[in-house]
Structure formats: structure tokens, C-alpha cells
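Work through the exercises below with the sequence and the 3D view at hand. Each task is followed by a solution in steps.

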Amino acid sequence: MQRVFSGIQPSGVPTLGNYLGAIRNWVALQNDHDCVFCVVDMHAITSWQEPAALRTQTREMAATLLACGIDPVRSVLFVQSAVSAHARLAWIFNCVARLGWLNRMTQFKDKAGKDREAASAGLYVYPNLMAADIHAYHATRVPVGDDQRQHLELANDIGEKFNHDYQVEFFPRIEPLILGPAARVMSLRDGTKKMSKSDPSDQSRINLTDSADTIAQKIRRAKTDPLPLPATTEELAARPEARNLVGIYAALAGIDPASVLTEFAGSGFGTFKDRLAGLTIEALAPIAADTTHWLADPTQLDTLLRAGAERARALADPIVREVEQIVGFGG
Ligand code: AQP
């Protein structure tokens, strides 16, 4: 069985983008893969996080993953900072990756924005930590949204350079698993920007814990254009907001965007948004209810995460110890 690794930052409440682009696929992968899923709090602090909020968000993220259907028995579910192998391997990878490679990462440019000098060094080397997350488990499959494809290529470059520099065949190649028609969900306020849990505007996203009323209101207010829905997906090309809503509908209904247009061609956004809100609420209401249920018992949640960290350590420690031997650490 191929080993899958994926992580999610507790940098806010997970969004519909995280769900359709990542979490929903994680749940399905559990059926035929050996899965390791991680709440990546070390990645989250590459941007400022209030300590108390980070602790709360880490628990909330774990509760949401469980509510979405991550099974802590079949999969290994844990918090990144509880397993030191990630940090140890990330340091070695900081010394393998080249500055030129990191300079090409578009996510750093997007997140650092105009004030690059003020961005944390952690944000810059974030892809090296992500490579360590995956390689510490010898994982070969990584389900990610389309936005993370470049980071996976970098993880492969790092693995290959390590193998070459130390003359070993140690790190396997990683393949991205980019699944489903809504691989990239965009902001409800700007169809050219991805939906993000840390976007300052709550109206830009649907949170997995939003109430039915909030979801309906956010979808009703989502930016669109004055034209009716077209008959073909080609006609959506220059209409990013319309394309995004059609993509979300398709992903939630389990059909392709062309079939959505077959149903709604010629109709205005009013009708379409009502139907989209209904579908979204149907998918998310049980998740919100189950998240509340998990959060009601923090002791049970913490015990479960501690057990997950122990299983993760048992997998990653021997691999990272071997890396440390290869580079010449230890006696
Ligand atoms: N809008 C999106 N559409 C599809 N997939 C998405 N993912 C994130 N946003 C979208 C996927 O979710 C997984 C976890 O992401 P993350 O939390 O580690 O970091 P991120 O990609 O930076 O997500 P956010 O929500 O945008 O977080 P912040 O705001 O903190 O930066 C990844 O597999 C990602 O592809």
C-alpha cells in the first residue's frame, strides 16, 4: 500500500476550499492507502499566531478533521510539533535546498507580498519543512490542492539532491494526488484569489463551522457578474467568479461543471445561488455538528492526538535517525 502524507495549518477555521481541495480527498484515501495526517502548527507560526489562539485552533482543526471522517484508527492523526523528527529533517533540508530554488516559490511571493524584508525566515523555508514532513515518513503520495504542486516539485528536488550528494537511494519520488473538479476553490469576493482561512474578510470564505444561515448569506452575497449562466464551460473562462461558483457546485454535487451548466444555462444567479446554498448546507451541517461534539470533550481529543503522535514517532524516528547517520551525525 502506498503511504500518503498530508498536513493542514491550524491558522484559522478550515474552509470549504480546504475541504474540497484536501480534506474530503483524505477521507476517501483512507480506504486504500496507509495514511498519515498532520495538523501542521509549525507551519502555522511562519505567520504570527496568538499562542492561545493557536492552541485552540489546533484542537479545532483536529476536531474538524475527525468530524469530516478522518478515522484515527485507520490513519495516523497528530500535531506536527509533537514529533521532533519534522524539525530535525527540516534543518538538514535547509542545508540541501538551494536559495535559487526557494526564490522561485510563488507562494512565498504571494504571502510575503510587497514587504518581503519583513516576512519571517520560516515563511521562506516553509517548503523545506513541508519536504521534511513528507520524506520523514517515506510517503510517496501527497494529496494537495493545485496551489501546492510547486512545493511538491521542490520536495522531489530536495530528495533527489540528497540522494545524489550522499550517493544513496534513500528518498523515494513523491507523486501529487490532485483530485476532483474543484481542485482550487476561489474567494467569494474575488474569483482570481484562492479561498483562504486567513483572508481578513470572513465574507471571502465559507468556514466548515458556519451556521446554515451564515452559509446562505455568504453565498447570496458572493460576487458575480450581471450575465446569466452560460451554456458551455468555455464561456466561463473570462468570468472567474461565475466559474468558481459553478466549480463549487460541481464538486459538491459530484458532477462535472459542464453538467452544472446543462442544468442552469440561461438562468440568473439568484436561482443558482439558492441551489448552491442548499447543497453546501447539506454537506457542511453534519460536519459542524460533529465538530462541536468532539470539542465538547477536550481530554478525549488530547488523548487521541497524543496516541497519534506516538504512532507518528514510531514511523518517522527510525527514518530520520538513518538520515542523520548518512549525513555523519552521531558516533
Ligand atoms: N482554496 C483552496 N482550494 C483548494 N484547496 C485548498 N487548500 C487550501 N486552500 C484551498 C488545500 O488545503 C490543504 C491545507 O492547506 P493549509 O492549511 O496547509 O495551507 P494553505 O494552502 O495556505 O491554506 P489556506 O486555507 O490558504 O491557509 P492560510 O490562509 O493559513 O494560508 C492544502 O492541501 C491546500 O492545497
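**Exercise 1. State where the ligand sits.**

Step 1. The ligand sits in the largest pocket. A molecule counts as sitting in a pocket if more than half of its atoms lie within 2 Å of the pocket's grid points.

Step 2. The grid has a 1 Å spacing over the protein atoms alone; a pocket is an open set of points with protein on both sides within 12 Å along at least five of seven lines, whereas a cavity is a set of points where a 1.4 Å probe fits but cannot get out. Lining residues have an atom within 4 Å of a point.

Step 3. The model is predicted: local features need pLDDT of at least 70 and side-chain atom pairs count only at pLDDT 80 or more, while totals for chains, interfaces and linings use all residues. Residues are numbered from 1 along each chain as its sequence is written, and side-chain values use heavy atoms, with hydrogens and water left out.

**Exercise 2. Describe the largest pocket by volume and lining.**

Step 1. The largest pocket holds about 1,200 Å³ of space. A volume is the space filled by probe spheres set on the points, which are joined across faces, edges and corners.

Step 2. Its lining has 47 residues, and Gln 107, Lys 111, Asp 147, Gln 148 and Lys 194 lie nearest the centre.

Step 3. Sorted by class, the lining of the largest pocket has 18 nonpolar, 19 polar and ten charged residues. Here Ala, Val, Leu, Ile, Met, Phe, Trp, Tyr, Cys and Pro are nonpolar, Asp, Glu, Lys and Arg are charged, and the others, Gly among them, are polar.

Step 4. Among the elements that each supply at least two lining residues are β1 (3-8), α1 (16-29) and β4 (141-143). Helices (H or I, at least four residues) and strands (E, at least two) are DSSP runs, numbered from the N terminus.

**Exercise 3. Describe the surroundings of the ligand.**

Step 1. The ligand is surrounded by 21 residues, the closest being Ser 11, Lys 111, Ser 196, Lys 197 and Ser 198.

Step 2. Helix α1 gives the most, with four residues.

Step 3. List polar contacts, that is, pairs of N or O atoms within 3.5 Å. An oxygen atom of the ligand is 2.5 Å from an N or O atom in the side chain of Lys 111. For Lys 194, a polar side-chain atom lies 2.8 Å from a ligand oxygen. With Gln 9, a polar backbone atom is 3.1 Å from an oxygen atom of the ligand.

Step 4. On its own the ligand has 630 Å² of accessible area (Shrake-Rupley method, 1.4 Å probe). The protein covers 97% of that area.

**Exercise 4. Which residues line the largest cavity?**

Step 1. The whole structure has one cavity of 30 Å³ or more. The volume of the largest cavity is about 40 Å³.

Step 2. Met 105, Gln 107, Phe 108, Lys 111, Leu 123, Tyr 126, Pro 127 and His 151 line the largest cavity.

Note on methods:
A residue is near a molecule or strand if one of its heavy atoms lies within 4 Å of it. A polar contact is a pair of N or O atoms within 3.5 Å; within protein, one must be able to donate a hydrogen and the other to accept it, and residues adjacent in sequence count only if both atoms are side-chain atoms.
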